[in-house]
Amino acid sequence: MGLTIALNRGRILDECLPLLAEAGIVPVEDMSASRKLVFNTAIGGHKLVVMRGSDVPTYVEYGAADVGITGKDTILEYGGGTHFYERLDLRVGRCRLMTAVPASTADGLQMREGHLRVATKFVNVARQYFEERNRQVTIIPLSGAVEIAPLMSLADCIVDIVDTGNTLQANGLVALETIAEISSRVIVNRASMKTKFDEVQLLIEALRAAVD
Ligand code: AMP
């Protein structure tokens, strides 16, 4: 039958393709040399579909894809594990979702008291994080260049992905709290988990072996 596998394009794709190859899933043509978005695989009859990371959970929830690979940040922002099953941590694409503030306002690496304006691409995660801490915040949604928001006096604080910390440092920010440890995860459509159990299980176990 074959599985439809939704993949996050960009950095995560580059790190996941070698794992998929080790699991026996190899596209019939070079994905980086093509502008196509759907690729057949050499064996197993699987299809690889490349898309924006934030669309992967949508394709998997509604069953347009049986399986998806995307970052935990995207999964958390989408609303997590009730829409699909999260089955495997691929341990690539590692980074952290963190709060950060201008170095000049970091008070002993504590978030200052009072109302905060928080700029972020992760509005749901940020809202939940501050709500759980009983912090009064205004969430300011941005779709990129979040790090400059405090410099431009748009926000007091940001919630963003941090890897090396170079981007924060270059913009005069310091990281404060870790909201979540991020890595790429394999998610599975709830119906596919039943109707294509053997194929899904085979894929998960092959990927697990590749990760180990
Ligand atoms: P860095 O300067 O190494 O801390 O990288 C931070 C920037 O790179 C942020 O703007 C992130 O959007 C992006 N980034 C780093 N690692 C990842 C990752 N694993 N997944 C998605 N974006 C990332």
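**Exercise 1. How much space lies in the largest pocket?**

Some ground rules before we start. This is a predicted model, where local features need pLDDT of at least 70, side-chain atom pairs count only at pLDDT 80 or more, and totals for chains, interfaces and linings use all residues. Residues are numbered from 1 along each chain as its sequence is written, and side-chain values use heavy atoms, leaving out hydrogens and water.

Step 1: A pocket is an open set of points on a 1 Å grid over the protein atoms alone, where a 1.4 Å probe fits, with protein on both sides within 12 Å along at least five of seven lines; lining residues have an atom within 4 Å of a point.

Step 2: read off the volume, the space filled by probe spheres set on the points. The largest pocket holds about 1,000 Å³.

Step 3: look at the lining. Of its 33 residues, Asp73, Thr74, Lys121, Phe122 and Ile161 are the closest to the centre.

Step 4: Domain 1 (4-93 + 183-211) and domain 2 (96-180) both contribute lining residues, so the largest pocket lies between them; the domain bounds come from an automatic or database assignment.

**Exercise 2. Which element gives the largest share of the lining of the second largest pocket?**

Step 1: get the volume, about 210 Å³.

Step 2: find the centre. Among the 16 lining residues, Leu13, Leu17, Asp30, Met31 and Ser32 lie nearest to it.

Step 3: assign the share. Helix 1 gives the largest one, 4 residues. Helices here are DSSP runs (H or I, at least four residues), numbered from the N terminus. Helix 1 spans 11-22, and also gives two or more residues to the lining of the largest pocket.
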